[in-house]
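Here is a short briefing on one protein model. Look at the structure first, then read the points below.

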Amino acid sequence: MFRGGGVQEVVLALREGIVARGHEAYIITPQPRDKKLKAPEGIIFLGGSVPFRAARTQGDISASVDMSSLTEMLKREKFDIIHFHEPWNPMLSIQIMSRSDAIHIATFHAAMSERRTSKTVEKIITPYTKSILKYIDIMTAVSTTATNLIGSLTDRKITIIGNGIDLQKYAPSTEWSSDPKKRTILYVGRLEKRKGVRYLLEAFALLKELHPEFMLLIAGDGPERERLESIVKDNKIRDVEFLGYIEDTEKSELMRQSDVFCSPALYGESFGIVLLEAMASGCVTVAGNNTGYEGVLKGKGQLSLVNPKDTVEFARRLALLGTDEELRTLWRKWALEEVKKYDYERIVDQYVTLYQAAYAKKHGHAQAS
């Protein structure tokens with residue numbers, strides 16, 4: 001459909017799962033800037049969009065809503081439940097909430113309050129968020145980290161339902177083979193400062209001194225790419241390849257083939273879907289010790305967490321989890337069992353149970369089985 005991020009993938013999978021369970025479900029989203037794009041099945045385009053760029057993300061956001069079209073859509077569809085993902089997205093959410101009689105469920109995805117830039121964003125978001133609280137019947141978040149702003153604005157219950165992935169899509173290879181003469185570290189993500197790729201390059205340079213068999217693949221694009229390529233060139237760091245943007249099919253295949261997946265994000269992560277993808281692929285992971293990642297990498301997964309700015313320890317952790325086969329086998333067994341709880345089927349079940357309870361409460365009858 002269009003290139004999107006983790007939230008879009010979750011919403012699309014949630015709709016698919018709800019429909020598979022015998023319900024009707026539609027996704028309401030602003031009309032993309034490509035006006036010629038026809039809405040796919042199950043998608044309702046409403047209002048217009050404009051490009052949005054911030055320190056953490058980029059994409060399109062709602063910019064205008066035709067009130068007559070919105071009113072006609074609500075009258076036509078007669079929704080029982082409307083589920084708002086990232087409800088502080090301006091314009092569209094509040095316009096629907098203020099005119100809808102449906103049950104309103106809001107899911108918060110983003111992390112806040114970790115950096116000074118977040119404080120600036122909060123000054124803008126907080127008044128808006130306070131204004132929509134009266135329209136929200138049930139609140140959920142993908143992690144405890146994602147509740148840090150909304151939790152400061154209300155004492156109402158916030159149900160934690162994690163993100164999910166398609167486990168079959170990221171199923172590991174039948175054999176885990178590793179060539180000790182050639183090992184690969186993989187990074188996939190946007191190339192921006194908070195992702196910590198600069199520190200990965202510094203740690204990789206140290207790693208190469210003791211383990212020349214390693215190579216580093218960097219998949220993704222962003223404002224830091226030129227600077228990162230200059231770091232590699234100026235410091236003569238060997239065996240680093242920038243792949244640019246890659247599609248999901250290539251990403252899953254690279255994860256199966258690589259020895260280590262590394263995501264050294266410094267902050268701004270509320271969850272870490274990419275960690276689930278690596279876990280499901282059986283790709284041993286080293287990750288930044290931000291609060292969002294800590295919520296995913298629990299138990300034996302804590303072996304993966306490292307402070308990316310501690311270059312020596314970072315390089316040591318890459319070497320340990322990249323070469324110690326006994327430890328790597330232990331990690332994989334933990335990961336393949338742990339990731340089962342994030343299968344889309346389970347995540348959809350949790351939301352459907354929430355929907356059923358909310359519907360039963362509103363209409364005063366026993367919850368459907």
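Strand β6 (residues 103-108) runs parallel to strand β7 (residues 138-141), and four bridges join them. Helices (H or I, at least four residues) and strands (E, at least two) are DSSP runs, numbered from the N terminus. Two strands count as paired if DSSP finds at least two bridges between them.

This is a predicted model, in which local features need pLDDT of at least 70, side-chain atom pairs count only at pLDDT 80 or more, and totals for chains, interfaces and linings use all residues. Residues are numbered from 1 along each chain as its sequence is written, and side-chain values use heavy atoms, with hydrogens and water left out.

**The four-strand sheet**

- Strands of a sheet pair through backbone hydrogen bonds, either parallel or antiparallel.
- Here four strands make an open, parallel sheet in the order β5-β6-β7-β8.
- β5 (81-85) and β8 (158-160) are the edge strands, each with a single partner, so one side of each has no neighbour in the sheet.
- From one strand to the next, the twist averages 25 degrees. Axes are lines fitted to C-alpha atoms, for helices over the stretch in contact, and angles run from 0 to 180 degrees between N-to-C directions.
- Helix α13 packs on this sheet and touches β5, β6, β7 and β8. The direction of α13 makes about 150 degrees with that of β6. Contact means heavy atoms within 4.5 Å.
- Which residue of β7 is the bridge partner of Ala106? The partner is Met139.

**The six-strand sheet**

- Six strands form another open sheet, in the order β11-β10-β9-β12-β13-β14, with parallel pairing.
- β11 and β14 (305-306) stand at the edges with a single partner strand each, so one side of each is left without a neighbour in the sheet.
- Strand β10 (residues 214-219) pairs with β11 over four bridges, in the parallel sense.
- Ile218 has Phe242 in β11 as its bridge partner.
- Helix α11 (residues 311-323) packs on the sheet, where its contacts include β9 (183-188), β12 (260-263) and β13 (284-288). The direction of α11 makes about 165 degrees with that of β13.

**The cavity**

- A cavity is a set of points on a 1 Å grid over the protein atoms alone where a 1.4 Å probe fits but cannot get out; lining residues have an atom within 4 Å of a point.
- How many cavities of 30 Å³ or more does a search of the whole structure find? The search finds one.
- The largest cavity has a volume of about 30 Å³. Volume here is the space filled by probe spheres set on the points, which are joined across faces, edges and corners.
- Val10, Leu14, Tyr344, Ile347, Val348 and Tyr351 form the lining.
- α1 (6-20) and α13 (344-363) each give two or more residues to the lining. The largest share, four residues, comes from α13.

- Most residues other than glycine have a negative phi.
- Lys78 has a positive phi, near 50 degrees. Lys78 sits in the loop between α2 (67-77) and β5.
- Lys78 is exposed, at 61% relative accessible area. Buried means under 20%, exposed over 50%, and partly exposed in between (1.4 Å probe, protein chains only).
- Lys236 also has a positive phi, near 55 degrees, and lies in the loop between α7 (225-234) and β11 (240-244).
- Leu336 belongs to helix α12 (residues 325-338) and is partly exposed at 24% relative accessibility.

Terms used. 1 Å grid on protein atoms, 1.4 Å probe; cavity = no way out; pocket = protein on both sides within 12 Å on 5 of 7 lines; lining within 4 Å.
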